[in-house]
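Subject: A structure for you to look through

Hi there,

Here is the structure I promised you. Have it open while you read, and my notes below will walk you through what turned up.

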Amino acid sequence: MIDLLTIFVLAVFVGFEVVSKVSTILHTPLMSGANAIHGVILVGAILITGSAESTLELVLGLLAVFLATVNVVGGFVVTDRMLEMFRK
Amino acid sequence: MTVQLMYLVAALCFILALKGLSSPKYARYGNFIGAFGMLVAVVTAYLHGAVHNGLWILVAVALGVVVGIPAARSVKMTAIPQMVALFNGVGGAAAALVALAEFFAVRDPGFLYLLATVLTVLIGSVSFSGSVVTFLKLQELMTTRPVLLPAGQQLAIAAGVSSVALCALTIATPNGFLLWLLAAVGLALGVLFVLPVGGADVPIAISLLNAFTGLAVAASGYVLANTLLIVAGTLVGASGTILTRLMAQAMGRSLANILFGAFKATTVVAHGEEQRTVKSGTVEDVAILLGYANNVVVVPGYGLAVAQAQHAVRELVAQLERRGVTVSYGIHPVAGRMPGHMNVLLAEADVPYEQLKELDDVNPGITSVDVAVVVGANDVVNPGARDEPSSPIYGMPIFDVDRAKSVVFMKRSMRPGFAGVDNELLYNPKTTLLFGDAKDSLTKLLAAVKQL
């Protein structure tokens, strides 16, 4: 458990470090890009569904897989559309 | 071992994706790297973890793709904030569902595990319902004004207190029913929390909910003992937190004031001085003013996007540049409906990003600006925010356009801005008002400047 806490604390610092350097012009793509990244919950959803034993777990898991997929693909596609315009 | 390695690769890709955003030139490659990392992570999880129900999972993923991609492809750039809010909401819901499902699968949960579970369920639910309300507001499916329920504050406090109590209770006596109840209270809390937030403050709500979903995902990483979820969720949490702070600074208000103090002073401002004179000009007057200026700053607001006038303003600016006028755009951090939204809207109209300037770039040299053109903006140029402690927007950093040599204020009518505050700039002798639809006025201006 302490390992996970270590990773969390280090990630906080990396996150603040990287994000504070993001260009102000790109704050909207930052938010939608970050949005796509939290779609990584799809990994959790797949793991949980893959080991589901009861119907309840299966239904909850599959719903999570569906929603997380919408989050991931939608997030990356919207971000790409925006960044394409900034290439000039 | 290989699985952990693949997750590490994915985490690194996510960090690089965010790092790419430090320069507009390479940002798109960064996003590709991020998407690649996601693919690695998802395929790894599927190959390693989908022991059962593999086919079902593929079906659910396919459905998500079928829904997500067309939505993301077709959304207009003006509607990006509500789309982001919606994607944010479904992410939060997914995190809460994962924690719920995991709870029913585990036999003998420990304290930290339970703590992470209740946090994921609570934050995920708040994020989901809050994002949905934000979406409804931005899509104008409901009023954009702050909604003040009778006893709304007490209700919110009650929901907050009972959610904490339910968290404690669930940890003490792990029980599926309590967890469901917690999810329900979380949903109510999200609604109560976003309802009183007014239209102009929605960017803050979006940033904050973004941070929430990040935290929910990080907490779910604890539940599943999955390092990738912890790292990715934390990165998002950090980005949401930073953006929330920046937005609050750009409004000159504290976060608590924005979330809980829906503008109360609106009624106080309208006192009986309505007969004051303003100077309105014709298109030709303004064309001459602009055509013979050396240095022009354009301050666009969301009204520009509402009038679909981004292309018209870019053409006018190009024409002025052909005449040797130096033109830049002053972009306020809260211009638009989410952080940095105006930059995206102008980029869509092919405005080069080098011309997009911030407050700190524009204000120091504002006295040498010949004409400041305000299009579809109001509160961000209101000198009251700087000079009048009694103004409800006092303390919000503004473009000091009243210190430029002259001001052209393009307005549809004398109606006050989003915050409902009267703008002293309108009565300034240096200000010329050009009434009419922004797109219409800009097109006429372009023609008039060409005639010079």
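Let's begin with one helix: in H15 of chain B, the buried residues are B:His341, B:Met342, B:Asn343, B:Val344, B:Leu345, B:Leu346, B:Ala347 and B:Glu348. H15(B) spans residues 341–348 and is mostly covered, with eight of its eight residues buried. Here "buried" means that 20 or more other C-beta atoms lie within 10 Å of a residue's own, "exposed" means 12 or fewer, and "partly exposed" is in between, with C-beta atoms placed from the backbone. Helices (H or I, at least four residues) and strands (E, at least two) are DSSP runs, numbered from the N terminus.

A word on the source: this is a predicted model, in which local features need pLDDT of at least 70 and side-chain atom pairs count only at pLDDT 80 or more, while totals for chains, interfaces and linings use all residues. Residues are numbered from 1 along each chain as its sequence is written, and chains are lettered from A and ligands numbered from 1 in the order in which they are written.

Most residues other than glycine have a negative phi. Just after H15(B), however, B:Asp350 takes a positive phi of about 65 degrees. B:Asp350 sits in the loop between H15 and strand E3 (356–357) of chain B, and it is exposed, with 12 other C-beta atoms within 10 Å. B:Asn53 also has a positive phi, near 60 degrees. Its place is the loop between helix H2 (27–49) and helix H3 (54–74) of chain B. B:Asn53 is buried, with 20 other C-beta atoms within 10 Å.

Next, a helix pair. The axes of H1 (residues 2–20) and H9 (residues 227–251) of chain B come within 9 Å and cross at roughly 15 degrees. (Axes are lines fitted to C-alpha atoms, for helices over the stretch in contact, and angles run from 0 to 180 degrees between N-to-C directions.) That makes H1(B) roughly parallel to H9(B); angles under 35 degrees count as roughly parallel, over 145 as roughly antiparallel, 65 to 115 as roughly perpendicular and the rest as oblique. Residues making this contact include B:Phe14 of H1(B) and B:Leu235 of H9(B), where contact means C-beta atoms, placed from the backbone, within 7 Å.

Chain A has four helices and zero strands. Its radius of gyration is 17 Å, well over the 12 Å that the globule rule gives for 88 residues, so chain A is more spread out than a compact globule. Of those 88 residues, 65% count as buried.

Finally, how many residues does each chain bring to the contact between them? Chain A brings 77 and chain B brings 95. H4(A) gives the most to the side of chain A that touches chain B, with 29 residues.

Enjoy exploring!

Definitions and conventions: Two residues are in contact if their C-beta atoms, placed from the backbone, lie within 7 Å. The radius of gyration is taken over C-alpha atoms; the globule rule is 2.2 Å times the number of residues to the power 0.38.
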